[in-house]
Amino acid sequence: MNPRYLIVEADGGARGNPGPAAYGCVVRDGESGLLLAERADYLGITTNNVAEYTGLITGLQVCAALGDVRIDVRMDSKLVVEQMTGGWKIKHENMKAMVAQARAVIDPSVVRYQWIPRERNRDADRLVNESLDAVQSGGSGLIVRDY
């Protein structure tokens, strides 16, 4: 049986850097494009890069729970894409730890990474802002939607 093809679109953002931060990710069926899951959460005061990596890790966790998969990750963070593919050296220890965490979620050989422009990452970006806005309004910022 062939592995299920999935697409992860992930994003993270901080209002200020560091500042109030959140991540967002969507998981789609790679064949039909149908939305399977959305996740977002507030991370407290941290950096944009931590938020970006958290979005990636969460998206990979959703995929790993679906069994035998192959994954295309699409992100507008050049840093994350280049670090995950080995294109850029990882200098900071906390970024090294996040890369290791992402690689531990699922076999890296089933994951491909692609940088996309911000305009093509609207759904994940929308989730980041929904989470941050919810916290600003007194909510938790946690978003879990399965379709």
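Here is a walk through this predicted model, from its sheet to its helices and then to its salt bridges.

Let's start with the sheet. Six strands form an open sheet with mixed pairing, in the order E5-E4-E1-E2-E3-E6. Strand E5 (111–115) and strand E6 (143–146) stand at the edges with a single partner strand each, so one side of each has no neighbour in the sheet. On average, and ignoring direction, neighbouring strands are turned by 15 degrees against each other. If you follow the chain to E6, you will find this strand paired with E3 (residues 35–46) in the antiparallel sense over 4 bridges. In that pairing, Arg-39 stands opposite Val-144 of E6.

Next, look at how helices H1 and H3 meet. The axes of H1 (residues 48–64) and H3 (residues 93–105) come within 9 Å and cross at roughly 10 degrees. Since that angle is under 35 degrees, H1 is roughly parallel to H3. Residues making the contact include Val-50, Tyr-53, Ile-57 and Leu-60 of H1, along with Met-95, Met-98, Val-99 and Val-105 of H3. By type, the contact residues divide into 11 nonpolar, 5 polar and no charged.

Glu-31 lies in the loop between E2 and E3 and Arg-70 in strand E4, so the pair ties together parts that are 39 residues apart in sequence. Glu-31 is exposed at 62% relative accessibility, while Arg-70 is partly exposed at 37%.

Another salt bridge links Arg-145 with Glu-38, at 2.9 Å between the closest N and O atoms. This pair connects strand E6 to strand E3, 107 residues apart. Glu-38 is buried, with a relative accessible area of 2%, and Arg-145 is partly exposed at 28%.

Lys-78 is partly exposed at 39%, whereas Glu-82 counts as buried at 17%. Finally, salt bridges with shared partners join Glu-9, Arg-28, Glu-38, Asp-123, Arg-126, Glu-130 and Arg-145 into one network.

Notes. Residues numbered from 1 in each chain as written. Predicted model: local features only at pLDDT ≥ 70, side-chain atom pairs only at ≥ 80, totals over all residues. Heavy atoms only, no water. Axes fitted to C-alpha atoms, helices over the stretch in contact; angles between N-to-C directions. Helix = DSSP H or I, 4+ residues; strand = E, 2+ residues; numbered from the N terminus. Parallel < 35°, antiparallel > 145°, perpendicular 65-115°, else oblique. Contact = heavy atoms within 4.5 Å. Nonpolar A, V, L, I, M, F, W, Y, C, P; charged D, E, K, R; others polar. Pairing = 2+ DSSP bridges. Buried < 20%, exposed > 50% of the residue type's maximum accessible area, 1.4 Å probe, protein only. Salt bridge = Lys/Arg side-chain N within 4 Å of Asp/Glu carboxyl O.
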